[in-house]
Amino acid sequence: MSIRIDKVVTRGGDGGQTSLGDGTRVAKDQARVEVLGTLDEINALVGLVQAHTPAGDDVVHQLTMVQNLLFDMGADICLLEDGPMAERAHRVEEAALLVIESRLEELRSRQSPLAGFVLPGGSVAAAWAHLTRTQVRRAERRMVALSRQERVNPVLLKILNRLSDYFFVLARHFNHDGQSDVVWQPVPKGEK
């Protein structure tokens, strides 16, 4: 697919509206646009995770795949399921979910078993992966809200659920496969 963008500033959104992929004008706070925005936020965070990934780590390629998938998901969401251009929509399929599950399991199989709840942190890359995980959960909540109002490709919800698992496991990968995880230690009652 070739896309050419000649103008960045269009002034088309100055009144609080934007266009979906088929040209339909909608409010920028509409549920579908909120989902698109959260997918964009995740993609930016994945870029940060990738920038903090140690040199030579094979997950760099996985993260590029995730970024492309997030764009595919946005392309899916920006065209209404029953809209005028529905047949041209790039609908994400179950195969993408299977790839994520495979990568997740590859990482998880090398990790020590969980010994408690893991706090977000450890290495810088792990902290970014944990933040990305939380944003994926936000996108999932937004997608559920949208799916209650309009038809949405059900694979997208599954992918978001799995991506949050992926980023949790990825954070543990960055913490020496869980060896340097920061584990929750409840504060004793008298010390709060």
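Trainee: How many residues does helix H1 have, and what makes its reach close to the expected one?

Mentor: In this predicted model, helix H1 covers residues 31-51 and has 21 residues. Its first and last C-alpha atoms are 31 Å apart, close to the 30 Å expected at 1.5 Å a residue.

Trainee: What caps the N-terminal end of H1?

Mentor: Gln 30 does, with a side-chain oxygen 2.7 Å from the backbone nitrogen of Arg 32.

Trainee: Why is Asn 43 called buried?

Mentor: Asn 43 lies in helix H1. Buried means under 20% relative accessible area; Asn 43 has 8% relative accessibility and therefore counts as buried. Other buried residues of H1 include Val 35, Leu 39 and Ile 42.

Trainee: Which residues does Asn 43 touch, not counting those up to four places away in sequence?

Mentor: Asn 43 touches Gln 67, Leu 70 and Phe 71.

Trainee: Which residues touch the most other members of the largest nonpolar core?

Mentor: That core holds 38 residues, and Met 73, Ile 159, Tyr 166, Phe 167 and Leu 170 touch the most other members. Two or more residues come from each of H1, helix H2 (59-77), helix H3 (94-108), helix H4 (124-149) and helix H5 (154-174). H5 gives the most, with 11 residues.

Trainee: Where does Ile 159 make contact, leaving aside its neighbours within four places in sequence?

Mentor: Ile 159 is in contact with Leu 69, Met 73, Val 92, Ala 96, Leu 97 and Ile 100.

Terms used: Residues numbered from 1 in each chain as written. Predicted model: local features only at pLDDT ≥ 70, side-chain atom pairs only at ≥ 80, totals over all residues. Heavy atoms only, no water. Helix = DSSP H or I, 4+ residues; strand = E, 2+ residues; numbered from the N terminus. Expected span 1.5 Å × (residues − 1). Buried < 20%, exposed > 50% of the residue type's maximum accessible area, 1.4 Å probe, protein only. Polar contact = N/O pair within 3.5 Å; in protein donor to acceptor, adjacent residues only side chain to side chain. Core = buried A, V, L, I, M, F, W, Y, C linked by side-chain atoms within 4.5 Å. Contact = heavy atoms within 4.5 Å.
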